[in-house]
Amino acid sequence: MEKLLHNKQIYSYYEYQSEAEFEAEIVQQYAQIFGDRTIYIDIKKRIGKGILTIPDGYLIDLSFIDDPRLYIIENELSTHDPYKHIGSQILKFAISYKESGRKIKSFLLDHIQANQNALELINKSLEKLPYRNIDDLIEDLIYEKPVSAIVIIDRASDELENVLGQLTINTDIIEFQTYKNEADTIHKFIPFNSDIRESKKGVQTNINTDDLNTVVVPAREEGFESEFIANDRWYKIRINAAMIDKIKYIAAYQTAPISAITHVAEVSSIEKWKDTNKYVLNFKHPAEKIGPIKLSKDKDGRGMAPQAPRYTSYERLTTAKT
């Protein structure tokens, strides 16, 4: 059993006894998981019986002021069969989503009107959004924008990745784990869209995702030469659902000893990579040399090298010195 050591205290991995217990904890911690500019709606029973399948919840994400999004939420335990349970639930909902739009809209509006915090967040956001009112916003979220899914699970697996890779609906995975001792509890997770938020650190409540059109990927020498340069592509990359239709360029950060961004390419297409929930980015033309844009270092000579994809704007990338 895994252990965590924190402040000289040992915490043991906690196994949830039921999905209901797990879901209750997710609802309790949703602001930490998703951010304070989101509305998590978990009262699924109030939707009624007219929908083919009912997700565990909905998430209205207002973090990116120019691009609000609606997500369906599935809270799952890894003991469930990812093929029969998780995959079928999301597939059924994706099929019935548009047909059930009116009931979903009514449910979301009822919840917002009954929740003062949600209502205040929506109204404040509407001051900067191009919608006449709340009704207009929800209408757009349901019928005009692509709906995506978020699976929150205690342990992710290759089987789950394989299942989600078969679906056309874009799906993010959040692994949420709990550790306990006799006196305290620790939750371990990577916050939703954290890599996007870190790209705009300092202005998190006013992110303009239209600026984020470039993904920077760390690349080791062998993969860089054989794929980025020779095959005009980069593959097996995890991309947030909110960014799929925004990426126009990809840049390669070559790892040590080069430690610099050295090439950039325009993206022609983004496709699922084989039977996975990851993607391959195909280039329109061979990658071009830039920079090199060296990794900046602190006074002790240490740099914070990217370990996973990070987002920026093409303009910011091409004018950067470090």
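A: Some terms to begin with: buried means under 20% relative accessible area, exposed over 50%, and partly exposed in between, with a 1.4 Å probe and protein chains only. Helices (H or I, at least four residues) and strands (E, at least two) are DSSP runs, numbered from the N terminus. This is a predicted model, where local features need pLDDT of at least 70, side-chain atom pairs count only at pLDDT 80 or more, and totals for chains, interfaces and linings use all residues. Residues are numbered from 1 along each chain as its sequence is written, and side-chain values use heavy atoms, with hydrogens and water left out.

Q: Which residues of helix H1 are buried?
A: In H1, residues 19–28, they are Glu 19, Phe 22, Glu 23 and Ile 26. Seen down the axis of H1, these fall within an arc of 95°, so they line one face of the helix. The arc is that of the directions from the helix axis to the C-beta atoms.

Q: And what is exposed on the face turned away from the buried side of H1?
A: Ala 20 and Gln 28.

Q: What about H9, which residues are buried there?
A: Phe 224, Glu 227 and Phe 228. Their arc is 105° seen down the axis of H9, so they too line one face of the helix. The face turned away carries the exposed residues Glu 221 and Glu 222.

Q: Switching to the sheet: what is the strand order?
A: The open sheet has 4 strands in the order S1-S2-S8-S9, with antiparallel pairing. Two strands pair if DSSP finds at least two bridges between them.

Q: Which strands are at the edges?
A: S1 (3–6) and S9 (185–188), each of which pairs on one side only.

Q: How many bridges join S2 to S8?
A: There are 2, between S2 (residues 9–13) and S8 (residues 177–180). Ser 12 stands opposite Lys 180 in S8.
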